[in-house]
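Dear colleague,

Please read them alongside the coordinates.

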Amino acid sequence: MRRLVARRKFLSAAAVASALPWVPALAQAAPVRIGLLTVKTGPLAQGGIQMEQGISAFLKAQNYRLADRKAELISADTGGNPAGAKTKAQELVERDQVDFVVGPLAAFELLAITDYMQQARVPMLSLAAADDMTQRRPNPWFVRASATSSQCGHPLGDYAAKEMKLKRLATVTEDFAFGYEQTGGLQRVFEDEGGRVVKKLWPPLATTDYTPYLAQISEVDAIWNGFAGSNPVKFNRQYADFGLKEKYPRLGGWTAYDDALLHSFGDEAIGAISAAWYSSALETPSNRRFVADVVRDYGNIPGGYAAGCYINGMCIAAALEKTGGKTEDKDALIAALRGVSLSDTPRGAFHFDSLGNVVGNVFIRRLERKDGKLVNTIVKTYANVSQFWTYDRKQYLAQPVYSRDYPALKS
């Protein structure tokens, strides 16, 4: 009888509780859901896997709790193509009810989902670098803590002309949006400083033999490449085998000599100069912790793919602290996210501009062998680099986005 009375009292109390106005606050204890759009198959898979490692390393360091709420990561493989990215984005939003989307990796994937994500009103923190996402087609539900495609190319063009005293460049990179925009940023500044890009080569993304392209390179001071994924390893080996290593110095984009690739390179890569928004050599407390965590858990020095997603996790955590952990008010959530400014991250201090893109450091690095290991040594830091470089923003935006034929090669 006592058990029956006690049970009735319990059920009665539960019924009363269900009607109380503070029940929605209890619902707030539901996990924060983070959806990751990444690539685990194809030529871009190496970077995509590192993206997952980066966000996982951050959440593990936080014991999978953000703003006193449990955090869940739901990972989706886009296959590295626009159709796959859109399908997986819809699944994360509509089926999994995520609060944030991190990713995708490739610019063409990002461009395929931006309209949908804006309609869905889900904050997106992307690694993909498509310039126009924060320029001529800004998405108010988007932030980028890494860089635009061209953002590292601008300072590298400046460094090549002013510090390396180069006059004639050839460029070679994949025939897709990221390649076009990287090349355009480099070319614009390099030529504004008196240099000339005299040859631009566009191998398809899945190219295995670069010999036909290497054979076209002559009468230049250096070669710039912007390859991504595992392609830089193939290109540099063939470059050396073709006898060009000693003839023409190499420059590269951040993906071409990403720190996470260094264990796959041999001496053929030594001497390459690259510009990157992240360096594992950066001596900040946050970066030392990040590198140590990734090395411990995954056995590899992290690069930009992992760092970008780790930093995206930091941005999500900072935004949630601002909202008291609440995610229901989407306008307040994206406002908090866009207002994030961090002083200690793996890439150093940064903030977002009014279009949601990062303003932060870009590092010029030389690939060297030290103590038997290949490392990217920072030789110069460009501080607080904007996506518009030193150009007038209004005039910059009045020009078309950097494209495959931007600008016409000078005669």
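Phenylalanine 235 and tyrosine 239 both belong to helix α9, residues 231-241, where they are four residues apart, about one turn of the helix (helices are DSSP runs of H or I with at least four residues, strands runs of E with at least two, numbered from the N terminus). This is a predicted model, in which local features need pLDDT of at least 70 and side-chain atom pairs count only at pLDDT 80 or more, while totals for chains, interfaces and linings use all residues. Residues are numbered from 1 along each chain as its sequence is written, and side-chain values use heavy atoms, with hydrogens and water left out.

Searching the whole structure gives 20 aromatic pairs (rings of Phe, Tyr and Trp, the last by its six-membered ring, with centres within 6.5 Å; planes under 30 degrees apart are stacked, over 60 edge-to-face, the rest tilted). One of them joins phenylalanine 235 and tyrosine 239, a tilted pair at 5.7 Å centre to centre with 40° between the planes. Phenylalanine 235 counts as buried because its relative accessibility is 0%, and tyrosine 239 is likewise buried at 0% (buried is under 20% relative accessible area, exposed over 50%, partly exposed in between, with a 1.4 Å probe and protein chains only).

Tyrosine 396 and tyrosine 402 make an edge-to-face pair, 6.2 Å centre to centre and 85° between the planes; tyrosine 396 is buried at 1% relative accessibility, and tyrosine 402 is buried at 5%. Ring pairs also link Phe58, Trp254, Trp277, Tyr278, Phe290, Tyr305 and Tyr310 into a cluster.

Best regards
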